[in-house]
Amino acid sequence: MKHIDLIIIGGGPIGIACGLEAKKNGINYLIIEKGPIVNSLFNYPINMQFFSSSEKLEIDNIPFISKEAKPKRNEALEYYRRIVTSNDLNINLFEKVTSVKKQQETFTIETDKQTYIASFIIAATGFYDIPNTIDVPGEDLPKVSHYYKDPHFYAKQKLAVIGASNSAVDAALECYRKGAEVTMIVRGPEIGRRVKYWVRPDIENRITEGSIKAFYNATVKEILQDKISIETPEGKFDIDNDYVLALTGYKPNFEFLQKIGIQLSDDQKLYPQYNKETMETNVKNLYLAGVICGGMDTHIWFIENSRIHAKTILQSIVSKTKSLQ
């Protein structure tokens with residue numbers, strides 16, 4: 001078993017930021033990422049554009065130069081990948097953490113490849129791996145996906161997009177413009193209020209002119225091989241359908257957090273317990289960083305406002321390390 005002072009679980013932007021801070025402070029660290037560098041960003045839609053401007057996505061004051069004020073996915077991949085490679089960060093890719101157990105003053109971390117012993121842990125695991133399901137018959141059909149990648153696939157197809165968030169709106173617009181017949185199924189009375197301000201008029205105009213069909217205050221009752229059944233205030237409708245994109249959001253791996261010993265709030269928000277001044281959880285020497293801190297409120301923390309977590313956490317770890325010397 002390898003002993004490492006600090007294990008950082010998650011190789012996204014915030015996990016990378018934590019690695020940079022650990023390296024600067026002379027802490028023996030390792031980032032463990034179950035996929036490629038910034039795995040969640042890699043799995044974003046190909047044409048995705050960030051809400052944040054490039055300078056707000058920067059970590060460790062390393063300039064992020066993009067063609068437009070708000071960069072796109074491929075530019076972000078290039079930026080974070082270059083940070084990892086040029087700084088020679090200690091990161092294990094395509095290695096999945098399967099369990100974390102606290103044993104007195106150390107942690108035992110099991111992965112699908114090996115076992116580690118660590119004095120400190122930072123969980124920076126994000127929220128993109130587990131979709132919020134709609135729990136209706138037919139959701140497990142091959143025609144249904146909770147992730148959207150490329151509009152080309154849906155050309156000349158009857159596509160239902162469930163949801164009204166940024167991801168749902170982007171998918172609806174892109175697929176419509178590549179020749180899909182798009183129907184949006186929206187649980188609320190309107191397109192989501194947090195939709196990017198420069199995109200919102202576009203989707204509303206396409207709906208108004210009839211290019212994209214939208215059902216508001218609607219719920220999906222069943223998904224069948226050739227149609228989708230929905231309930232609306234005007235009654236029940238069966239819509240001819242080839243594919244379904246159920247883009248209803250994602251959530252952190254709460255089961256993993258609970259197994260580690262992190263306490264969650266009793267309400268539906270499932271906020272993890274941590275000290276806001278140090279980011280240390282109720283489990284001594286175990287810290288949280290990034291969007292995972294918001295529980296089910298995944299819109300609270302972004303790269304731009306959680307990148308500070310890296311400095312906060314490493315200040316605490318360095319202080320504890322010095323006190324032990």
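A: In this predicted model, arginine 206 and aspartate 202 both belong to helix H5 (residues 200-209), and being four residues apart there, they are separated by about one helical turn. An α-helix has 3.6 residues a turn, so residues three or four places apart point the same way. The side chains of arginine 206 and aspartate 202 meet in a salt bridge, with N and O 2.7 Å from each other. Arginine 206 counts as buried, because its relative accessibility is 16% and the cut-off for buried is under 20%.

A second pair is made by aspartate 238 and lysine 227, whose closest N and O atoms are 3.7 Å apart. This pair links distant parts of the chain: aspartate 238 sits in strand E14 (residues 235-240) and lysine 227 in strand E13 (residues 227-232), 11 residues apart. Aspartate 238 is partly exposed, with a relative accessible area of 45%. Lysine 227 is partly exposed as well, at 26%. Elsewhere, salt bridges that share partners join Glu21, Lys24, Asp60 and Lys311 into one network.

The whole structure holds 18 salt bridges. One of them is between the side chains of aspartate 129 and lysine 34, with an N to O distance of 2.6 Å. Aspartate 129 lies in the loop between strand E6 (115-123) and strand E7 (130-131), and lysine 34 lies in the loop between strand E2 (29-32) and H2, so the pair ties together parts that are 95 residues apart in sequence. Aspartate 129 is partly exposed, with a relative accessible area of 38%, and lysine 34 is partly exposed with a relative accessible area of 38%. As a general point, side chains of opposite charge can pair when their charged atoms come close.

Cysteine pairs are another kind of link to check. A disulfide is a covalent bond between the sulfur atoms of two cysteines. The count of disulfides here comes to zero. Cysteine 18 is in no disulfide, and the nearest cysteine sulfur, that of cysteine 293, is 9.8 Å away. That distance is too far for a bond, because the two sulfur atoms would have to be within 2.5 Å. Cysteine 18 counts as buried at 0% relative accessibility, and cysteine 293 is buried with a relative accessible area of 3%.

Technical notes
Residues are numbered from 1 along each chain as its sequence is written. This is a predicted model: local features need pLDDT of at least 70, side-chain atom pairs count only at pLDDT 80 or more; totals for chains, interfaces and linings use all residues. Side-chain values use heavy atoms; hydrogens and water are left out. Buried means under 20% relative accessible area, exposed over 50%, partly exposed in between (1.4 Å probe, protein chains only). A salt bridge is a side-chain nitrogen of Lys or Arg within 4 Å of a carboxyl oxygen of Asp or Glu. Helices (H or I, at least four residues) and strands (E, at least two) are DSSP runs, numbered from the N terminus.
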